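User: Could you walk me through how to read the domains, cores and sheets of a model?

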Amino acid sequence: MKSIREEEKPEVRPIQSGPDKILINKDLLPSRGRYYKGELYARKLSAIEMKNLSKVRVETVNPVFNQIISSAISGIDLGDVMINDKLWLIYFLRSITYDDFPMKVVGTCPSCGKSHVHEFKLKDLDVIYAPDEMPSELELPNGDKVTVRFPTIETEIEISRTKNNPAFVEDIDEETMTIAAHITSINGESVGIYEAYTYFARGRGSAKEFARLANYLQKYAFGARPSTTYTCSCGVEVQVEVPMTRDFFLPKI
Ligand SMILES: [Zn+2]
């Protein structure tokens with residue numbers, strides 16, 4: 001996987017197009033904005049929104065992030081936002097709200113043991129960009145041909161709706177469903193999320209087919225990681241987590 005670290009890091013400088021409308025340079029998004037037709041705009045977050053972000057927990061992360069993206073990003077319907085862009089957008093919103101006020105993260109070099117205080121800014125975020133070419137059809141080991149796409153927030157909402165649908169008595173394995181949800185058709189026939197899931201849960205898709213799909217997705221996956229990388233004085237690249245903690249959303253300014 002090619003990460004941004006191997007390329008030159010672009011300076012993240014939002015273009016002001018009005019007091020409350022900041023144009024997002026789509027090229028900086030992990031997806032490179034290639035799934036979005038129009039321009040995307042953002043506004044600075046309010047004190048209440050930042051406070052809500054600072055209290056986010058694993059169970060509330062999706063509704064809180066979605067609500068904030070829906071209200072602070074314009075030019076797109078929430079459902080059309082790629083899941084793999086979500087985390088970047090949250091870092092971006094935090095950055096424009098505080099004029100890219102740095103967050104101090106402490107890294108320890110695994111090679112020489114030296115600690116270093118790194119001042120994280122948005123441009124330092126580890127991002128894996130979508131590849132220029134992404135074949136949409138994949139042939140599975142059993143000969144079935146599937147078309148795939150990367151999921152949007154709408155897909156995510158549908159997964160949660162399907163998982164919680166009382167009409168389905170079975171226990172749905174969410175991770176399997178998340179992978180299966182990338183499939184939009186099997187041998188030319190359109191499939192919904194539930195059909196894609198049952199293809200692996202009790203259909204023609206064995207562990208072999210599932211492994212092929214999962215590896216394919218991993219090869220082309222894009223997204224932001226909650227981490228940053230700096231070069232230690234000994235020359236070794238050190239990766240440090242940039243956690244979305246209270247300090248991150250409510251920095252000591
Ligand atoms: Zn070192």
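Analyst: Happy to; we will take domains, then cores, then sheets. This is a predicted model, where local features need pLDDT of at least 70, side-chain atom pairs count only at pLDDT 80 or more, and totals for chains, interfaces and linings use all residues. Residues are numbered from 1 along each chain as its sequence is written.

User: Thanks! How is the protein chain divided into domains?

Analyst: Domain bounds come from an automatic or database domain assignment. Here, domain 1 covers 15–130 + 222–249, and domain 2 covers 137–219. Their C-alpha centres lie 28 Å apart. Nine residues from domain 1 and seven residues from domain 2 make the contact, where contact means C-beta atoms, placed from the backbone, within 7 Å.

User: Which elements give two or more residues to the side of domain 1 that touches domain 2?

Analyst: Those are α2 and α3. Element names follow DSSP runs numbered from the N terminus: helices are H or I with at least four residues, strands are E with at least two. By class, that side of domain 1 has four nonpolar, four polar and one charged residues. In this scheme Ala, Val, Leu, Ile, Met, Phe, Trp, Tyr, Cys and Pro count as nonpolar, Asp, Glu, Lys and Arg as charged, and the others, Gly among them, as polar.

User: Now the cores. Which residues touch the most other members of the largest nonpolar core?

Analyst: In soluble globular proteins, nonpolar side chains tend to be buried together. A nonpolar core is a set of buried Ala, Val, Leu, Ile, Met, Phe, Trp, Tyr and Cys residues joined through C-beta atoms within 7 Å. Buried means 20 or more other C-beta atoms within 10 Å of the residue's own; 12 or fewer is exposed, and in between is partly exposed. The largest core has 31 residues, and A42, I68, W88, Y91, F92 and L93 touch the most other members. Two or more residues each come from α1 (47–54), α2 (61–72), α3 (83–97), β7 (125–128) and α8 (246–249). The largest share, six residues, is from α3. Another core lies apart from it, with 14 residues, including I159, A196, F200 and L213.

User: What is L93 in contact with, leaving aside its neighbours within four places in sequence?

Analyst: L93 contacts A42, L45, I68 and A72.

User: And how do I read the strand order in a sheet?

Analyst: Start from pairing: two strands pair if DSSP finds at least two bridges between them.

User: How many bridges join β12 to β13?

Analyst: Five, with β12 spanning residues 223–231. In β13, T231 has E237 opposite, and S227 has E241 as its bridge partner. Their hairpin has five residues between the strands, and G235 takes a positive phi near 100° there. On the β7 side, four bridges join β7 to β12, with I128 partnered by G223.

User: Why is one side of β8 and of β11 left without a neighbour in the sheet?

Analyst: Four strands form another open sheet, ordered β8-β9-β10-β11 with antiparallel pairing. β8 (137–139) and β11 (189–190) are at the edges with a single partner strand each, so one side of each has no neighbour in the sheet. Three bridges pair β8 with β9 (residues 145–148), and L138 stands opposite V146.

Note on methods. Contact = placed C-beta atoms within 7 Å.
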